[in-house]
Amino acid sequence: RRPPRSTPSNSSAASDVYKRQWTILTQAKQVHRYQNYMTPDPYIRGETSTNGLEIGLVTWLVGIRHVTGLDWLFIFKWFPALVAAILAFFTYIFARRWGYGLEAALFVALIPTNVRILGPGFLVAVSLGITFIPLSLFLASRFRGWKLWIPLFIISSFLLTEHPPTALALFIVLLSHGLMSLKKDRQLMTHILYSIVAASLFSVPYFASILLSTSPLAGGGGFLEFGTSIPLSEIPYFFSSVAIAFAALGIYLLSQKGRYGLIIPTGIFLVLIFLFRHLDYTLLIMPTRGYMYVMLLLSIMAGYGLYWFRSVRVSRPLRIPLLMHDRLGGIARKAPKAIYMVFLVAVLAIGLSHFYQWPYYHIITDSNYNDFVFIKENTPGDAIVLMDPWKANAFPSIGERYIYGRIPPGPSSFFGKRNANAGAFFAGKCANTRFLEGNNITVVYSPVKCENEDLDNPRGMIYLYSGSGS
């Protein structure tokens, strides 16, 4: 566990923000500043940013900032807990109809967060998006007519702009749910199809130019190039073994009742992960994010598995002479509840241990934060800063200056070349002045001690170059 900090609140909050969150934070600040989705690129001087496929998340964040006036870093540090609570609540109201709302919410609340597959602990698009999956299932189980398809249309439209892969995941879950209810309730499938088609027609034009630039069925190229995958055998590593055991029991019990609405989409997501892992094939759903959908559905079914021990009734003990005695028979009838309580404690103990075992990296430290503020206050607004590409993800949100290179959320040949150039520059102890001039770089935030007489060193790792023609 990290020790408590005594440094200023903003710098402490900044050190707790994950890499992908820095990108979203930078986009949200740009949109809020310019009141437009088409803004100057906050990273590369002279470029324009359209803020990508997650404009719905950016809009949501800008709205929160506008209504509450809260500090950006406060939002990104504390709102993930709110989103996780909302996810657990929506899971509860969905599963409550069948009696296992508390158990399902418990397992969902214990879904771990880590830097490989993300999770509810990060304020990123997939974390906000998955909250709408149990909410949509709740709506589909309770309402019909306009009370169903209008909310589903709104949710689907938002997800298509907030995180398209999660929108597709929602469609798979809803269609599976509708398919399983087709014999008893054809109206449900009709309303689901109406909402999906209408939302797609309404939302997809916003992304037509981006979607058409790359084949959505290929694992490589453009914004759909996924550089890493995780084998299915690592699911127990992310998702605790006790949760998997109860999920297996839940799957068995649900299948015995003919309720496959959660089982089928789980299988589909596992197949998509397998296809990408072995055939480099995907269907818009990022393979590492697919684990989030799998863990969500498995958590709900694990809740049903745990609930079974609470719901089972032993009306007549086994016909063992010793247990036919009234007192011993009464004990036997209470056994399932006792087992339930033991399992409940075990789930909490093991789940919380698994939840807290994950280490989190910090892109920047409190010292970095203070240095970024110094650069902001002592350099022109159009300055270009050369720095560690990793830390450069956080810099524009704090320093509000342009950067030369960074490590983007996905593969990028443009930044790959620039990052290699930055590495060579720092390996040479910042001696290549021509490199600075050629790229209009006026600030160097160096991870090494620079040996270049052309650079002034006003503070720590900060070096200023005044000879550039910027």
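Residues are numbered from 1 along each chain as its sequence is written, and side-chain values use heavy atoms, with hydrogens and water left out. Because the model is predicted, local features need pLDDT of at least 70 and side-chain atom pairs count only at pLDDT 80 or more, whereas totals for chains, interfaces and linings use all residues. Helices (H or I, at least four residues) and strands (E, at least two) are DSSP runs, numbered from the N terminus.

The largest nonpolar core contains 110 residues, of which Leu61, Tyr100 and Phe269 touch the most other members. Helix H15 (residues 287-311) supplies the largest share of this core, 15 residues. A nonpolar core is here a set of buried Ala, Val, Leu, Ile, Met, Phe, Trp, Tyr and Cys residues joined through side-chain atoms within 4.5 Å; buried means under 20% relative accessible area, exposed over 50%, and partly exposed in between (1.4 Å probe, protein chains only). Another core, apart from the largest one, has 16 residues, including Ile384, Ala422, Ile441 and Cys450. In soluble globular proteins, nonpolar side chains tend to be buried together. When residues up to four places away in sequence are not counted, Leu61 is in contact (heavy atoms within 4.5 Å) with Ile24, Ala28, Trp72, Ile75, Phe76 and Leu123.

Helix H3 (residues 55-68) packs against helix H8 (residues 146-162) at an angle of about 100°, and their axes are 5 Å apart. H3 is therefore roughly perpendicular to H8, since angles of 65 to 115 degrees receive that description, while those under 35 count as roughly parallel, those over 145 as roughly antiparallel and the rest as oblique. The axes are lines fitted to C-alpha atoms, for helices over the stretch in contact, and angles run from 0 to 180 degrees between N-to-C directions. At this meeting of helices, Ile55, Gly56, Leu57 and Trp60 in H3 touch Phe158, Thr161 and Glu162 in H8.

The 17 residues of helix H9 (residues 164-180) should span 24 Å at 1.5 Å a residue, and the end C-alpha atoms are 24 Å apart, which agrees. The expected span is 1.5 Å times one less than the number of residues. Of the 17 residues of H9, 14 are buried, so this helix is largely enclosed by the rest of the structure. Helix H17 (residues 366-378) has 13 residues and reaches 19 Å from its first C-alpha to its last, close to the expected 18 Å. Its buried residues are Asp366, Asn368, Tyr369, Asp371, Phe372 and Ile375.

Ser195, in helix H10 (residues 186-203), is buried, with a relative accessible area of 0%. Its side chain reaches the backbone oxygen of Ile192 at 2.8 Å. This is a polar contact, defined as a pair of N or O atoms within 3.5 Å; within protein, one must be able to donate a hydrogen and the other to accept it, and residues adjacent in sequence count only if both atoms are side-chain atoms. Asn457, in strand S6 (residues 455-459), is instead partly exposed, at 41% relative accessibility. A polar atom of the Asn457 side chain lies 2.7 Å from the backbone oxygen of Ile462.

Glu400, in the loop between helix H18 (395-399) and strand S4 (402-403), has a positive phi of about 55° although it is not a glycine. Most residues other than glycine have a negative phi.
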